[in-house]
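Please look through the structure shown below, and then follow the explanation from one group of elements to the next.

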Amino acid sequence: MSNVLASFKAKLQKMDKDFKTASALHLKIGVRRKLTAGEIQMCQLVFKNSIDYSKVLINIGGYIHSKTGNAMTPAGEIVLPRSEYITNLDFSKSKGGLQHWFIHEMTHVWQYQLGAPNGWFGIKHLCNGGYTSQVNSVDSGKNELKAYDTDLLGRDYNKKFNDFNFEQQGRIIEFWFDAMYLRNIDPTRQHHQTSLQLLPKVRSLLNNFLTNPNDKFLLPKE
Ligand SMILES: [Zn+2]
């Protein structure tokens, strides 16, 4: 009996210790943060001065973000699933090429700050199954969500940048960033290989954007 009690007491002590460690970690990392200097430098390679970086916050998401593993950037602030928030306190130092994911979310910040109604776009895509229907995407592979699907060298070849929806714009800028700036991070990654393959097309698609990212004409319509 005393053994049972001792083990119970030990369990309680461990729970208490775990709880204190978790709370301390939580206090230390907070629930939201500003962009780091390294992240701002990465963004400036793409968005130049078209974003007010001091206004951008990265937040810890709730249940739905942890459940889906998806980030969301509906109103100029990035919301990350808890585990991704904790492991990416500075995306400029993230492993495995996650920088392109960060740049995708920053594309939504760019759209929002220039005036695109991203919250409304998101709701429309949600209603049309953009975030629930999966397709076999030429550019992104099997089981891609419909909203993100592109075929830049085929079906979408003649489109201009502002003909793409707000998620596809994020994907295109991701491809650009990965091909141009993540060559030294695990180059055999599928995302990197696809980005290299699409680079000539993406470069011409982004020609106006890269020259003047302040141009509101570039914003998506859906
Ligand atoms: Zn997105």
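In helix H2, the residues Glu 39, Met 42, Cys 43 and Phe 47 meet Gln 99, Phe 102, Ile 103, Met 106, Thr 107 and Trp 110 of helix H5, where contact means heavy atoms within 4.5 Å. Helices here are DSSP runs of H or I with at least four residues, strands are runs of E with at least two, and both are numbered from the N terminus. The residues of this contact between H2 and H5 comprise seven nonpolar, two polar and one charged. In this classification, Ala, Val, Leu, Ile, Met, Phe, Trp, Tyr, Cys and Pro count as nonpolar, Asp, Glu, Lys and Arg as charged, and the others, Gly among them, as polar.

The model is predicted: local features need pLDDT of at least 70 and side-chain atom pairs count only at pLDDT 80 or more, while totals for chains, interfaces and linings use all residues. Residues are numbered from 1 along each chain as its sequence is written, and side-chain values use heavy atoms, with hydrogens and water left out.

Two packed helices are described by the angle between their axes and the distance between the axes. For H2 (residues 37–47) and H5, the angle is about 65° and the axes are 11 Å apart. Axes are lines fitted to C-alpha atoms, for helices over the stretch in contact, and angles run from 0 to 180 degrees between N-to-C directions. The crossing of H2 and H5 is right-handed, a term used if the near helix is turned clockwise from the far one by less than a right angle.

Helix H5 (residues 99–114) also lies across strands E2 and E3, and runs at about 145° to E3. These strands belong to an open sheet of three strands, with the order E1-E2-E3 and mixed pairing. Its edge strands, E1 (32–34) and E3 (78–80), each pair on one side only. Strands of a sheet pair through backbone hydrogen bonds, either parallel or antiparallel; here, two strands count as paired if DSSP finds at least two bridges between them. E1 and E2 are antiparallel and share three bridges, with Arg 32 opposite Asn 59 in E2. Strand E2 (residues 57–60) runs parallel to E3, to which three bridges join it. Asn 59 stands opposite Val 79 in E3, and Ile 58 has Ile 78 in E3 as its bridge partner.

Strand E4 (residues 134–137) and E5 are antiparallel, with three bridges between them, and a hairpin of three residues joins E4 to E5.

Where does the largest pocket draw its lining from? Helix H3 (63–68), H5, helix H6 (118–127), strand E5 (141–145) and helix H7 (166–181) each supply at least two residues. A pocket is found on a 1 Å grid over the protein atoms alone, as an open set of points where a 1.4 Å probe fits, with protein on both sides within 12 Å along at least five of seven lines; lining residues have an atom within 4 Å of a point. The largest pocket is lined by 30 residues, and Asn 70, Ala 71, Met 72, Tyr 131 and Tyr 148 lie nearest its centre. By class, its lining has twelve nonpolar, twelve polar and six charged residues.
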